[in-house]
Amino acid sequence: MSRRLWVVVPAYDEAGAIGTTLTALAAQTDPDFALVVVDNNSTDGTGDVVRRFAAGAPFPVDVVTEPRPGAGTAADTGCRHAIAAGATLLARTDADCRPAPDWVATAKALLDSGAEMVCGRSVPRRDERPSFAERRLFPAAVRAAGVYGRFRRTHRAAGFRAPYVLCHGHNLALTADLYVRCGGIPRITLRDGADDLALLNRARRHTDRIVRAEHLVVENSLRRLRAWGPRRTLLWYWDRRWQPTEPEGDHVR
């Protein structure tokens, strides 16, 4: 039986982390969805971990391989795989995240109510025991950056039909129709830029039905923040104004 909503998870060398994401998806209050994990040429058996999970999963699970590197490339491959399989709704998260139990149900309700794209809220993973700064101060800085984004000239150019909103690639949902109309997620690497922001701005040129939903929640890993520190992490998200010396360093494990 085909499922109208598909969850897309790009994954590169996430054998040690993706189990938590899969467990969170298996605990959804609404299990009526399908999952596609895009193995982005992993070398650690990520795909095998997902296939073992699939044997007992409460929903259909596909594993697709994308050899070309890039989170945007892998995510686009997953979305297009889902659409070809009959998806009319798409939701994306990452392989180190924990969607809230009502994540799928909330995404469906928002899209069914008329939104064409929904950008949810990101909070630190509770199982990583965030400090006060990680729990409060860093998210506040991210929100401040989101406010700043509304006033950036590039986000206010002619042709946008919807206001700029803070968007996280690990917590968004949209209709398959909008995905196709706007051209989808750009097939870029992490170093090339923020594929989630690029998708948002593509979508903003095609619809005025984009909403920020604070009750669509995903817990995001703190591993990048802890590896790089607040300053470098914020500069990374600010148009990649800081980057690791080697591209492989973009992928924090």
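The structure is a predicted model, in which local features need pLDDT of at least 70 and side-chain atom pairs count only at pLDDT 80 or more, while totals for chains, interfaces and linings use all residues. Residues are numbered from 1 along each chain as its sequence is written, and side-chain values use heavy atoms, with hydrogens and water left out. Helices (DSSP runs of H or I, at least four residues) and strands (runs of E, at least two) are numbered from the N terminus.

Helix 1 (residues 18-26) packs against helix 2 (residues 46-54) at an angle of about 25°, and their axes lie 10 Å apart. Here axes are lines fitted to C-alpha atoms, for helices over the stretch in contact, and angles run from 0 to 180 degrees between N-to-C directions. Helix 1 is therefore roughly parallel to helix 2; angles under 35 degrees count as roughly parallel, over 145 as roughly antiparallel, 65 to 115 as roughly perpendicular and the rest as oblique. The crossing of these two helices is right-handed, a term for a near helix turned clockwise from the far one by less than a right angle, with anticlockwise giving left-handed. Ile18, Leu22 and Ala26 of helix 1 meet Thr46, Val49, Val50 and Phe53 of helix 2, where contact means heavy atoms within 4.5 Å. By class, this contact has six nonpolar residues, one polar and no charged. In this scheme Ala, Val, Leu, Ile, Met, Phe, Trp, Tyr, Cys and Pro are nonpolar, Asp, Glu, Lys and Arg are charged, and the others, Gly among them, are polar.

Helix 5 (residues 132-151) and helix 9 (residues 230-237) form another pair, with axes that come within 11 Å and cross at roughly 25°. Helix 5 is thus roughly parallel to helix 9, and the crossing is right-handed. Phe138, Ala141 and Val142 of helix 5 make the contact with Pro230, Thr233 and Leu234 of helix 9. Five residues of this contact are nonpolar, one is polar and none is charged.

Seven of its ten residues are buried, so helix 7 is largely enclosed by the rest of the structure; buried means under 20% relative accessible area, exposed over 50% and partly exposed in between (1.4 Å probe, protein chains only). The buried residues are Asp195, Asp196, Leu199, Leu200, Asn201, Ala203 and Arg204. Their cover includes helix 3 (71-84), strand 4 (89-92), strand 6, strand 7 (172-175), helix 6 (176-182) and strand 8.

Aspartate 208 is partly exposed, with a relative accessible area of 48%, and touches Arg161 and Ala162, not counting residues up to four places away in sequence.

Turning to the cysteines, the structure holds zero disulfides (pairs of cysteine sulfur atoms within 2.5 Å). For cysteine 97, the nearest cysteine sulfur is that of cysteine 167, 13 Å away. Cysteine 97 is buried, with a relative accessible area of 0%. For cysteine 167, the nearest cysteine sulfur is that of cysteine 119, at 3.5 Å. Cysteine 167 is also buried, at 11%.

Serine 122, found in strand 6 (residues 117-124), has its C-alpha 9.2 Å from that of cysteine 167, 45 residues apart along the chain. Serine 122 touches His168, His170, Val218 and Asn220, not counting residues up to four places away in sequence.
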